[in-house]
Amino acid sequence: MGYKVVVCGATGNVGREMLNILAERQFPVDEITVLASRRSLGTEVSFGDKTLKTKDLETFDFTGWDIAFFAIGGEATKKYAPIAAKAGCVVIDNSSLYRYDPDVPLVVPEVNPEAVDGYAKKNIIANPNCSTAQMVVALKPLHDRARIKRVVVSTYQSVSGSGKDAMDELWDQTKGMFVPGQEKEPKVYPKQIAFNVIPHIDVFMEDGSTKEEWKMVVETKKIVDKSIKVTATCVRVPVFVGHAESINIEFEDFLDEDEAREILRAAPGILVVDKREPGGYVTPVECVGDFATFVSRIRQDPTIDNGLNLWCVSDNLRKGAALNAVQIAETLAARQLKKA
């Protein structure tokens, strides 16, 4: 027996990736349907060796379906997720809408799989922000060993985190730099993204931080430990896919870099590539299409007591979004929705 699965937003970057990963990981699907807005109605998407046509999200009846993956943005999710949940279908939501709801579990399966058990309060499980997801995978095993007090993180986030239009803007602006008459002014971003970096992701808040930075703070506390102090600077860079992070960690207890390296090597979801030589680290280009969160540049921070630095890279469309959502479904199936 398999599960009846719905993918909402199947024509977007994350929705398509969800379908790819469901097929790659051979999630036990008995029946699958793909939903989109009316303007994308009938668009064909791939699921393994099958081709599926999208149906209308607005008129779809979720009754009798087991799991619905939502990758449609906050406003549409606000309307349709409660409908699906009320019909008895467990919603795994990729938007930020439910992440901070105390009655909705926020889950990274390598970190807090037991949180899935709280899904029944609203029949909804939240997928974390892409930049948070890869970071907490690296933090959790180290926290278990030496207790993290404070994290200072600077992100280098790819344009795919803003969607297809942002990827097109980077492509068009890059071409326009070399072809007279094809110059492209910024539309998705407030400044040129080609050959540039932009220290601004999401909206600004009253304290001067951006909402992306705030998300990393609040989500890390909810997923790992509320006592951890986090400060973040989130930066958009001219990379198509793959987020990178420079992470400085202060622990309560001393943790030697060699032991940290071994802990991370043994941790689920992590691949350590850390050779102190040219190319002995992973970059965003190399992580694309991979399931793992890669950790490199592990080293002691001599400026503070009990400090470590590390470099963390992951495919944001996978671990940062679609892969984590599918892993949540796998965890849910193993712990709660067991079938013969």
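The lining of the largest pocket has 15 nonpolar, 20 polar and eight charged residues. Here Asp, Glu, Lys and Arg count as charged, Ala, Val, Leu, Ile, Met, Phe, Trp, Tyr, Cys and Pro as nonpolar, and the others, Gly among them, as polar. This is a predicted model, where local features need pLDDT of at least 70, side-chain atom pairs count only at pLDDT 80 or more, and totals for chains, interfaces and linings use all residues. Residues are numbered from 1 along each chain as its sequence is written, and side-chain values use heavy atoms, leaving out hydrogens and water.

A pocket is an open set of points on a 1 Å grid over the protein atoms alone, where a 1.4 Å probe fits, with protein on both sides within 12 Å along at least five of seven lines; lining residues have an atom within 4 Å of a point. Among the 43 residues that line the largest pocket, Gly73, Asn94, Gly161, Ser162 and Gly163 are the closest to its centre.

Now find Ser158. Ser158 sits in the loop between strand 9 (148-157) and helix 4 (164-176). Helices (H or I, at least four residues) and strands (E, at least two) are DSSP runs, numbered from the N terminus. Is Ser158 buried or exposed? Ser158 is buried, with a relative accessible area of 0%. Buried means under 20%, exposed over 50%, partly exposed in between (1.4 Å probe, protein chains only).

Phe240 is among the residues that Ser158 touches (contact means heavy atoms within 4.5 Å). Phe240 is partly exposed, at 34% relative accessible area.

Notes: Lists of a residue's contacts leave out its neighbours within four places in sequence.
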